[in-house]
Amino acid sequence: MDKNKVVAVVMGGPSAEEQISLTTGRSIAGALRERGYNVKEIRLVPHNFFEQVKESGADVVVIAVHGLFGEDGRLQSALEMMEIPYTGSGVLASSVSMNKITAKRVFLGSGIPTPDYIFLYRKDYGKQDMVRAITDKFSLPVVVKPVSQGSSLGVTIEREVSGLQKALDLAFRYDEEVLVEPYIAGQEASVCMIRQKDGSVKVWPVVLIKPHAAWYDFNAKYSVGGVDHLVPAPLPEEVTRTLQDISVKAYEVLGCSGVARTDCIIGEDGNCYLLEMNTVPGMTPTSLVPDAAKAEGTSFGELCEMILETAHL
């Protein structure tokens, strides 16, 4: 890409992941500047976004906004109307991937292994016995999570019936829809990938996630020393191949582009399950994609430039 062009890195925004987004955006902006690019930083103000982009003089946009606006297709729609190329997945792939209920339906319809589920809706709050609905279907523990939220915000692993209502209350604070899945004991893994110029999907080594806490929660994800990333993952070749295969299949059926990352679980029985797709994965000092790329000898700066080169309309 012509280094005289203005590269605008959009970050922040009104979501609960604002601070993580700022870290991601500033990390990318700094790395691209070091490689000689003309970088402008935009701290997202949604109602003023068109003016912010115009004032920046952006020729291309790197989307570093996690959650609301950045991962749900809204910024992508705005940039397409302005005819400005941007990084990451397009409008439909972003919005489908962000909504865990919609994404799960795609996984189920495509034969991608994913945990069983119950979908619950705020409009039914007070009308439906949600605790009963959960206990009628699942043995505890279960995972209760808001449908369109990232960074494990609002997520609870609940082991007691007495705690289910509190877990639901927390999840509904973040979203109108809640997904409940059985808790699958096992190992957490991530597969990071990127669409290459020839249309193929490059897959970096699988990352095995070893949180120091009871599970991979917000603090484990973003606190230095909160988790170990084992990459390449010390897993049997068959398991590694399965994780990569189901992740690439999810990337393709969702219609993703640019860089993306799956969250997966390897059950104690060896079965692999895909939990979700992240279309604007974190690029912080503790993030998974940089570690996966580093395992193949790709520096953070090279990775950021690689992502920039995927910008499209």
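Helix α4 (residues 91–98) has A93, S94, V96, S97 and M98 as buried residues; buried here means under 20% relative accessible area, exposed means over 50%, and partly exposed is in between, with a 1.4 Å probe and protein chains only. Helices are DSSP runs of H or I with at least four residues, strands are runs of E with at least two, and both are numbered from the N terminus. The cover over the buried part of α4 includes α3 (74–82), α5, α9 (237–254) and β13. All of this comes from a predicted model, in which local features need pLDDT of at least 70 and side-chain atom pairs count only at pLDDT 80 or more, while totals for chains, interfaces and linings use all residues. Residues are numbered from 1 along each chain as its sequence is written, and side-chain values use heavy atoms, with hydrogens and water left out.

Next come the holes inside the protein. On a 1 Å grid over the protein atoms alone, a cavity is a set of points where a 1.4 Å probe fits but cannot get out, and lining residues have an atom within 4 Å of a point. Points are joined across faces, edges and corners, and a volume is the space filled by probe spheres set on them. Counted this way, there are 2 cavities of 30 Å³ or more.

The second largest cavity holds about 40 Å³ of space. S97, a buried residue of α4, belongs to its lining, along with K100, A103, K104, F107, L179, L275, E276 and M277. The lining splits into 5 nonpolar, 1 polar and 3 charged residues; Ala, Val, Leu, Ile, Met, Phe, Trp, Tyr, Cys and Pro count as nonpolar, Asp, Glu, Lys and Arg as charged, and the others, Gly among them, as polar.

The largest cavity has a volume of about 120 Å³. Its lining includes T24, I28, V62, I63 and T87, and α1 and β3 (60–63) each supply at least two residues to it. By class, this lining has 8 nonpolar and 4 polar residues, and no charged ones. T24 sits in helix α1 (residues 18–34) and counts as buried because its relative accessibility is 1%. Setting aside neighbours within four places in sequence, T24 is in contact (heavy atoms within 4.5 Å) with A64, H66, G282, M283 and T284.

I28, another lining residue of the largest cavity, leads on to the packing. A nonpolar core is a set of buried Ala, Val, Leu, Ile, Met, Phe, Trp, Tyr and Cys residues joined through side-chain atoms within 4.5 Å. The largest such core has 29 residues, and V9, I28, L32 and W204 have the most contacts inside it. Among the elements that each supply at least two residues of this core are β1 (6–12), α1 and β3, and α1 gives the most, with 5 residues. Leaving out residues up to four places away in sequence, I28 touches V9, V62, A64, M283, F300 and C304. Another core, of 25 residues, lies apart from the largest one and has F107 and L243 among its members.

Finally, L108 also lies in helix α5. L108 counts as partly exposed because its relative accessibility is 40%. Beyond four places in sequence, L108 is in contact with T114 and Y117.

Methods
On a 1 Å grid over the protein atoms alone, a cavity is a set of points where a 1.4 Å probe fits but cannot get out, and a pocket is an open set with protein on both sides within 12 Å along at least five of seven lines; lining residues have an atom within 4 Å of a point.
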